[in-house]
Amino acid sequence: MDRVLDEPLTKTLGPATAKVMAENLDLRTVGDLLHHYPRRYEERGQLTRLAELPLDEHVTVVAQVADARVLKFNGGRGQRLEVTITDGSGRLQLVFFGRGLHRPHKDLLPGTRAMFAGKVSMFNRKLQLAHPTYERLDSDSGEGAVSAFAGKLIPIYPACKGLESWKIAKAVDAVLPHATEAVDPLPAALREGRGFAPLPQALLKIHRPQTRADVEDAKQRLKWDEAFVLQVALARRRYADSQLPAVARRPVPDGLLDAFDARLPFTLTEGQRKVSAEIFGDLATEHPMHRLLQGEVGSGKTLVALRAMLAVVDAGGQAAMLAPTEVLAQQHHRSVVEMMGDLAEGGMLGGAERATKVVLLTGSMGAAARRQALLDLVTGEAGIVIGTHALIEDKVQFHDLGLVVVDEQHRFGVEQRDALRGKGKQPPHLLVMTATPIPRTVAMTVFGDLETSVLDQLPAGRSPIASHVVPAADKPHFLARAWERVREEVENGHQAYVVCPRIGDDLDRSAEARGSSPEDEAEKRPPLAVLDVAGQLTAGPLKGLRVEVLHGRMAPEDKDDVMRRFAAGEVDVLVATTVIEVGVNVPNATAMVIMDADRFGVSQLHQLRGRVGRGSAPGLCLLVTEMPDASPARGRLGAVAATLDGFELSRIDLEQRREGDVLGQAQSGVRSSLRVLAVIEDEEIIAAAREEAVSVVAADPDLEGLPELRTALDALLDKDREQYLDKG
């Protein structure tokens, strides 16, 4: 690696500044600082609009002093300097107290232009900056300041307390000469082919641009670096996986699969056929399949996965399906056994001749049942096993594990996937199912080591879900009507869910109001709780109905009991937390009321809503909120109500949450290394970088001819990350 860029900042900048940078911005070396890019650029003549300052944030503004006056208070014993600055869009008050007011009183004369940095606070209902630091921008403030800001564009860096943007700018000036020694990760052929500037030039342009065009050029180039290095890492993973041996599993004619297909009471959708063909193609090869199957709730993913499992059993292997919770494992087991009928009764009287055994394995099973299940697995009697992480325990041995199906990947650690993989004589094929629609580019970035299949049509017979926003604060009678609608559904023989953001009682303080805007009372009150809401409903609008609660702090057997009774129709209304988000299938439930819906993410609301309308009767989802009409939260809810397309919603969700969060979650806590790449906007770059990466890796898997790219890769995949990617 370039020695210079690895130098600690303590050598270049001095210990005090370096310490603040390391602690607050995680910048430790010269290279780190060169890759700390400006967040935006101010033009000398153009300023941050004072009219749009965010409360409680550290801001940097460039403005002109309109007036300054010293006021006495405390009977003349104290004095303060009040300076009003303006930028044409608005005015802002600066306040200096005590001894600290002498220098600004001299410096900040009316007409002076300067950069000011500080935390925006509220005083007497007006925005102000108290004791801001400032840097004058006029010609007589000394040579240094002028040359530092000689460019028309003033870079504004992501800053922190104790380190204003211009101090970072000065630190960057100190290390910028080293940019010439930056190692360029892009292979020369690719760089020239796409007409990119060399890396040192891109770094100079992003930190000290002369024009907006410089900024754009630099960004395009730096985005490519990020996308390309990440895609090379993923392409190498896929390449290494493709070199692993696996047993090819080809469906046998007239086997279990054909017998199963012959009994299906409906025909497969076009999408199910297409995705099945992709999966069967992978299963027939001698290296492990790694495929991500995305599909809306109810698009028939389980059926597609089951057909793959049957094909593997036909080919002499076993298939394991891994669910994140016991409730889900039991439910998958029930639905698989129902779908298979006597084909699931291998070795039993009345079983079909080509039948196999389908066993369930969970942590809470009785000893005898568990012993029998383990025995069926090791002898190969059971072709299909469905279970929770109990499947991963050391005691569990398979006869010949050929396929692992993982349900809801994001709840399931990579380590666990790995442990299960080790149970096969050779690595088994892997199919990951998720009902959270992931936009294509995120799938390419986060699950880049998996090939992706998408089921995007709903099977025939699924009913549409009508969704409406219920503005409880503006229109309380809408809420009353919502409870009437729930009663009507129950009177028509159906059931309903009421979802709340928290459980209740006092153990929940952490989820308490994270209110952001002071004028917003709705944000301040704690989110509605299951226990409280259930009490109010049974005493009030839903009096006389059978109302039960379900939440994560109940004992597992109580949870299962409530779910079982709800599924059996013995409960009319289930008041629950998001425990029901994943895979509870009650076709008779037609209505869902989501309380404080603004506290949930877009994708989560979409997941929850997928729990109703699973039968032949149409579904109804009511999103209750106290947020005011024009708030962004209401906008989000409006978007959810307006479309049932999960992919469309996941784009909206991402645009609002910033992809850092998405990558952050999916990369198991590894801090997102993306600095300029935006996963949604830069779709073309990511797709193109992926193609280039695949061809580079195919031609030179070990990157022997590309030492600079190897260096960049090592920097991206520092140890914990490499490990993480390896386990993916």
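This is a predicted model: local features need pLDDT of at least 70, side-chain atom pairs count only at pLDDT 80 or more; totals for chains, interfaces and linings use all residues.
The chain has a mean pLDDT of 80, with 83% of its residues at 70 or more, where pLDDT is the predictor's confidence in each residue, from 0 to 100. Over residues 658-673 the pLDDT falls below 50, although this stretch has 29 contacts in the model beyond near neighbours in sequence, a contact meaning heavy atoms within 4.5 Å. Residues 719-728 likewise stay under 50 in pLDDT, and for them the model has 26 contacts beyond four places in sequence. Residues are numbered from 1 along each chain as its sequence is written, and side-chain values use heavy atoms, with hydrogens and water left out.

Two packed helices are described by the angle between their axes and the distance between the axes. Helix α9 (residues 199-207) and helix α10 (residues 212-243) have axes that come within 8 Å and cross at roughly 130°; helices are DSSP runs (H or I, at least four residues), numbered from the N terminus, and axes are lines fitted to C-alpha atoms over the stretch in contact, with angles from 0 to 180 degrees between N-to-C directions. α9 is therefore oblique to α10, given that angles under 35 degrees count as roughly parallel, over 145 as roughly antiparallel, 65 to 115 as roughly perpendicular and the rest as oblique. On the α9 side, Leu199, Ala202, Leu203, Lys205 and Ile206 meet residues of α10 that include Asp214, Lys219, Arg221 and Leu222. By class, this contact of α9 with α10 has six nonpolar, no polar and six charged residues (Ala, Val, Leu, Ile, Met, Phe, Trp, Tyr, Cys and Pro count as nonpolar, Asp, Glu, Lys and Arg as charged, and the others, Gly among them, as polar).

For helix α13 (residues 301-314) and helix α14 (residues 326-340), the axes come within 11 Å and cross at roughly 70°, which makes α13 roughly perpendicular to α14. Thr302, Leu303, Leu306 and Leu310 of α13 make the contact with His332, Val336, Met339 and Met340 of α14, and by class it has six nonpolar, two polar and no charged residues.

Leucine 420, in helix α16 (residues 414-421), is buried, with a relative accessible area of 0% (buried means under 20%, exposed over 50%, and partly exposed in between, for a 1.4 Å probe and protein chains only). Not counting residues up to four places away in sequence, leucine 420 touches Leu322, Leu391, Ile392, Phe398, Leu401 and Val404. Leucine 322 lies 98 residues apart from leucine 420 along the chain, and their C-alpha atoms are separated by 9.3 Å.

Definitions and conventions:
Helices (H or I, at least four residues) and strands (E, at least two) are DSSP runs, numbered from the N terminus.
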